[in-house]
Amino acid sequence: MQTPLPSMASPDRILVIKHSALGDFVLATASFQAIRRAHPDAHIVLLTTKPYVSLGEASGLFDAVWTDPRASLKRPGALFGLIGRVRQGLFDRVYDLQRSQRTRLYFTLLRLTLLGRRPPEWVGPAPGASHRTTGHTDRRHIAEREASQLRAVGIEVGAPDLSFLDSDLQPFDLPARIALLVPGGAPHRPAKRWPAINFAELGRYLAGQGITPVLIGTQAEAREIAQIREACPAARDLHGRTSFADLAALGRRAEVTVGNDTGPMHVIAAAGGACVVLFSHESDPERISPRGPWVAIRRKPSLQDLPVEEVIAALPQATTGEHKPGQTFS
């Protein structure tokens, strides 16, 4: 258990650092909201990477969102340019929610370049931080590790609220009953993907229940999605057409979403959609599974060995018009 750290005076200017992948960023929304509740009148800046600037801005939690170029010492101009911008921001406190070697480097360079000025309070694992926190490599869910980090400075974290993400779905012209299928995943980790033929079989099952399967993904999944549509002509194809807000709105509208361990599943689960998430040995649901009111997990060492029948068994009663309470399956 982490020892509570000394209380701090309320800061006027705050920097929050969160880069991450989409799933990590969505899970961190609960921390962003907790920080804003704790500091309602502070000027809060988010430092993130380009893909998540729009999410940070849409949340309405930040007074500004800065893009981090993620420069290394091999690009000293960009790296020290960022450090200079942070220095000029005159922040009283930094919440390091990324907790990485990169942000430890930022901490070190900022202290070295302040030229005698008092450094901002730093909440994170960097050695020498004013409020150094621990436990960031524990085998716990990332949301629990992050909540523990903020609890150490007196901030309680609740569930993420993605109500700020919404969109008009009329242009998609979808039928009344839909289910989302998310067959994608990190291109460099193909073992995280359930076979396309299985998604097609699941799609045919759903279509037989009067539910139209809707395929979600990016251009990176175009081949798998084409294979699914060929084997399941009833499926609708929205790949490459959905924003973060569309994903949230579609997830709320859908009776169920079934997908691999990938970022869009985090958006849909946190937005309130019922989700069945498929895991292989490539990732650990105890550390990084989507969080939401209804999330079921199916896991096999190899997703090649996960039969369609097991996934169907994990579906909520949405297929008959009634949701069951949230469950987790292993």
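Predicted model: local features only at pLDDT ≥ 70, side-chain atom pairs only at ≥ 80, totals over all residues.
Biologist: Is T113 buried or exposed?

Modeller: Leaving aside residues up to four places away in sequence, T113 touches F80, I83 and R87. The relative accessibility of T113 is 19%, and because buried means under 20%, T113 counts as buried.

Biologist: Which residue has its backbone oxygen 2.9 Å from a polar atom of the S289 side chain?

Modeller: S289 belongs to the loop between α10, residues 285–288, and β12, residues 295–299. A polar atom of the S289 side chain lies 2.9 Å from a backbone oxygen, and that oxygen is the one of P285.

Biologist: What is the relative accessible area of S289?

Modeller: When residues up to four places away in sequence are not counted, S289 touches L27, H141, H266, F279, D284 and I297. S289 is buried, and its relative accessible area is 7%.

Biologist: How far apart in space are Y205 and C232, C-alpha to C-alpha?

Modeller: Along the sequence, Y205 and C232 are separated by 27 residues. In space, taken from C-alpha to C-alpha, the distance between Y205 and C232 is 9.6 Å.

Biologist: Turning to the whole chain, what is its radius of gyration?

Modeller: The protein chain holds eleven helices and twelve strands. For 330 residues the globule rule gives 20 Å, and the chain comes close to this, so it is as compact as a globular protein of that length, with a radius of gyration of 21 Å.

Biologist: What share of the contacts with a separation of 6 or more joins residues 24 or more positions apart?

Modeller: The C-alpha atoms fill a box of roughly 70 × 40 × 35 Å along the principal axes, and buried residues make up 55% of the 330 residues. Among contacts in the protein chain with a separation of 6 or more, the share from residues 24 or more positions apart is 65%.

Note on methods
Residues numbered from 1 in each chain as written. Heavy atoms only, no water. Buried < 20%, exposed > 50% of the residue type's maximum accessible area, 1.4 Å probe, protein only. Contact = heavy atoms within 4.5 Å. Helix = DSSP H or I, 4+ residues; strand = E, 2+ residues; numbered from the N terminus. Rg over C-alpha atoms; globule rule 2.2 N^0.38 Å. Polar contact = N/O pair within 3.5 Å; in protein donor to acceptor, adjacent residues only side chain to side chain.
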